[in-house]
Amino acid sequence: MSHSHYIDIMLREATVAHDLHARLLHCVHMKNAVGAGIACAWPDWDEKHGEFGLLFRAFGNETELEDFAKSIAPLAQANLIRIDPIMLVPATTTYVTFVRNRYPDKNGESRRKRMERRAASQGRTIQSMTAREIDTTCHYLNVPSKSFGGMIRIHIRRIGSQDYTGGKAYGLGVTVPHF
């Protein structure tokens, strides 16, 4: 993946910022599903629960980012976002990785219910099973799923500049410059 360029998308409507971030992430996912290598970042990330900020940054090559900008143009026409020009990535020594956090998916309430159903089908009960505590500072976005037609919750966390596998289809798990 070549991340020589970036594009900033400023959200204009804070009251629907969470939904706009989800739409932008979904657009990245749709582009990556057909071969693009776009990576996502949230420069205004705040560790408060669910605070992505009002800036979404996408990294890729110039062609990928031009195609991405065309796909989100209806949001700009509706005055929900402002799409800045595509720029060369500046030199920096600071990097960050946003990753898909699967812990809440694997250890949340839905898992507990699955385990209870499985035990019931085997004639057992699980008396001591409780949902594991989930990190309350977890950031998430609800995005559409083409595989089953509903919405899925993508939990995201920011880690340092370390390599990570998984989540690349959503533009996550890629170390990108932080500026």
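This report describes the fold, a helix, the nonpolar core, the aromatic rings and a loop residue of a predicted model.

## Basis and overall fold

Because the model is predicted, local features need pLDDT of at least 70 and side-chain atom pairs count only at pLDDT 80 or more, while totals for chains, interfaces and linings use all residues. Residues are numbered from 1 along each chain as its sequence is written, and side-chain values use heavy atoms, with hydrogens and water left out.

The protein chain has five helices and nine strands, where helices (H or I, at least four residues) and strands (E, at least two) are DSSP runs numbered from the N terminus. Along the sequence these elements follow the pattern β-α-β-β-α-α-β-β-β-α-α-β-β-β. Of the 179 residues of the protein chain, 40% count as buried, a word that stands for under 20% relative accessible area, with exposed meaning over 50% and partly exposed in between (1.4 Å probe, protein chains only). Among contacts (heavy atoms within 4.5 Å) with a separation of 6 or more in the protein chain, residues 24 or more positions apart account for 73%.

Helix α2 spans residues 62-71, and within it Glu64, Leu65, Phe68 and Ala69 are buried. These residues lie on the same side of α2 because they cover an arc of only 135 degrees around the axis, the arc being that of the directions from the helix axis to the C-beta atoms. On the other side of α2, Thr63 and Lys70 are exposed.

The cover over the buried residues of α2 includes β1 (5-11), α1 (17-33), β3 (55-60), α3 (73-77) and β4 (81-83).

## The nonpolar core

A nonpolar core is a set of buried Ala, Val, Leu, Ile, Met, Phe, Trp, Tyr and Cys residues joined through side-chain atoms within 4.5 Å. The largest one has 38 residues, and those with the most contacts inside it are Leu24, Leu25, Trp42, Phe56, Phe68 and Ile156. Helix α1 gives the most to this core, with seven residues. Leaving aside residues up to four places away in sequence, Leu24 touches Ile9, Leu11, Phe56, Phe68, Ile72, Leu75 and Ile81.

## Aromatic rings

Rings of Phe, Tyr and Trp (its six-membered ring) pair if their centres lie within 6.5 Å, and planes under 30 degrees apart count as stacked, over 60 as edge-to-face and the rest as tilted. By this rule the count comes to 10 aromatic pairs. Trp42 and Trp45 form a tilted pair, 6.2 Å centre to centre with 50 degrees between the planes, and both residues are buried. The rings of Trp42 and Phe98 have their centres 5.3 Å apart and their planes at 75 degrees, so this pair is edge-to-face. Trp42 lies in the loop between β2 (39-41) and β3, and Phe98 in strand β6 (residues 95-100), so the pair ties together parts that are 56 residues apart in sequence.

Ring pairs link Trp42, Trp45, Phe52, Phe56, Phe68 and Phe98 into a cluster.

## Ser145

Ser145 is found in the loop between β7 (139-144) and β8 (151-159), and Ser145 counts as buried because its relative accessibility is 10%. Not counting residues up to four places away in sequence, Ser145 touches Gly150 and Ile152. The C-alpha atoms of Ser145 and His26 are separated by 9.0 Å, although the two residues are 119 residues apart along the chain.
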